[in-house]
Structures are given as structure tokens and as C-alpha cells.
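Visitor: Hi, I'm new to this one and would like a walk through it. Could you show it to me before we start?
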Amino acid sequence: AALSDTGMSRSASVSGSPSWSGSSRINDHTSPTRNSRWIREVSRAQIAEIQAFKAAHEEADVGIRSLDGLKVKLNARFGSVLAAWQLFLDPFASGALSFATFAERMR
């Protein structure tokens, strides 16, 4: 009697287990909720932002690919390779440069 008051009826399915049917659908996962739509939109925006950041970073990270390219870059920035060595690569006049320091200075 209480079930008929709510507009829901109980019937047996083909497998013999009871199932519920009625005017209100409880736990209907076929249509997205407002929250799930918002999460999907935010996720898509974040993915687009990350992809744009990576593309810009890869575009800016051109790198020097050869010794001639390094010489051209040092000449353009310091006027000569010697000036680059004295001012930038070996500012303390130690006469030596480790690979780690070289890599750090080339960034």
C-alpha cells in the first residue's frame, strides 16, 4: 500500500529479481549532472591551457645545435667569443669551465 502512494510499483524482471519502476528515476546516470558538466568543461579548459603552455615552451626552447650556432649567438650577444668567455663563461678568470657550469650558463 505504501508503494502505491509514492507512484512506484514493484515488478519482477525476467531474471526473477524485483525491479523498481515509476515516475521518478533514482540514480539515473544516463544524463550528466550540472556538476559533471562543469567538471568536464574545467578539465577541457585545463587540458587546452597545458597544451598551449607546452607548445609555447617548445617554441621558445630553440636551442643551439652546432658550434657555429654557438659562435653566432655569443658574437651577437657579447660582440666576440673572447668577450663572452671573459664576461659570461669565466667571469672569475679561473681559466676552466665545468660542463655543469657551461650548461647552466647556456640556459
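Guide: This is a predicted model, and in the protein chain the confidence is lowest in helix 1 (residues 2–5), where the mean pLDDT is 50, while it is highest in helix 2 (residues 34–60), at 91.

Visitor: And what does the chain average for pLDDT?
Guide: The protein chain averages a pLDDT of 78, and 71% of the residues score at least 70. Where pLDDT is low, the predicted coordinates should not be read in detail.

Visitor: What share of the residues counts as buried?
Guide: Of the 107 residues in the protein chain, 7% count as buried.

Visitor: Switching to pockets, how much space lies in the largest pocket?
Guide: The largest pocket holds about 380 Å³ of space, and the elements that give two or more residues to its lining are helix 3 (67–78) and helix 5 (99–106).

Visitor: Which helix gives the most to that lining?
Guide: That is helix 3, which contributes five residues to the lining of the largest pocket. The lining has 14 residues, and those that lie nearest the centre of the pocket are Gly63, Ile64, Lys73, Met106 and Arg107.

Visitor: How do the lining residues divide into nonpolar, polar and charged?
Guide: In the lining of the largest pocket, eight residues are nonpolar, one is polar and five are charged.

Visitor: Now for rings: how many aromatic pairs does the count come to?
Guide: The count comes to one aromatic pair.

Visitor: What about the backbone, and what is the phi of Ala93?
Guide: Ala93 has a phi near 55°, which is a positive value in a residue other than glycine. Most residues other than glycine have a negative phi.

Visitor: Where is Ala93 found?
Guide: Ala93 is in the loop between helix 4 (81–89) and helix 5.

Visitor: And is Ala93 buried or exposed there, and why?
Guide: Ala93 counts as exposed because its relative accessibility is 65%, and the cut-off for exposed is over 50%.

Terms used. Residues are numbered from 1 along each chain as its sequence is written. This is a predicted model: local features need pLDDT of at least 70, side-chain atom pairs count only at pLDDT 80 or more; totals for chains, interfaces and linings use all residues. Side-chain values use heavy atoms; hydrogens and water are left out. On a 1 Å grid over the protein atoms alone, a cavity is a set of points where a 1.4 Å probe fits but cannot get out, and a pocket is an open set with protein on both sides within 12 Å along at least five of seven lines; lining residues have an atom within 4 Å of a point. Grid points are joined across faces, edges and corners, and a volume is the space filled by probe spheres set on the points. Helices (H or I, at least four residues) and strands (E, at least two) are DSSP runs, numbered from the N terminus. Ala, Val, Leu, Ile, Met, Phe, Trp, Tyr, Cys and Pro count as nonpolar, Asp, Glu, Lys and Arg as charged, and the others, Gly among them, as polar. Rings of Phe, Tyr and Trp (its six-membered ring) pair if their centres lie within 6.5 Å; planes under 30 degrees apart count as stacked, over 60 as edge-to-face and the rest as tilted. pLDDT is the predictor's confidence in each residue, from 0 to 100. Buried means under 20% relative accessible area, exposed over 50%, partly exposed in between (1.4 Å probe, protein chains only).
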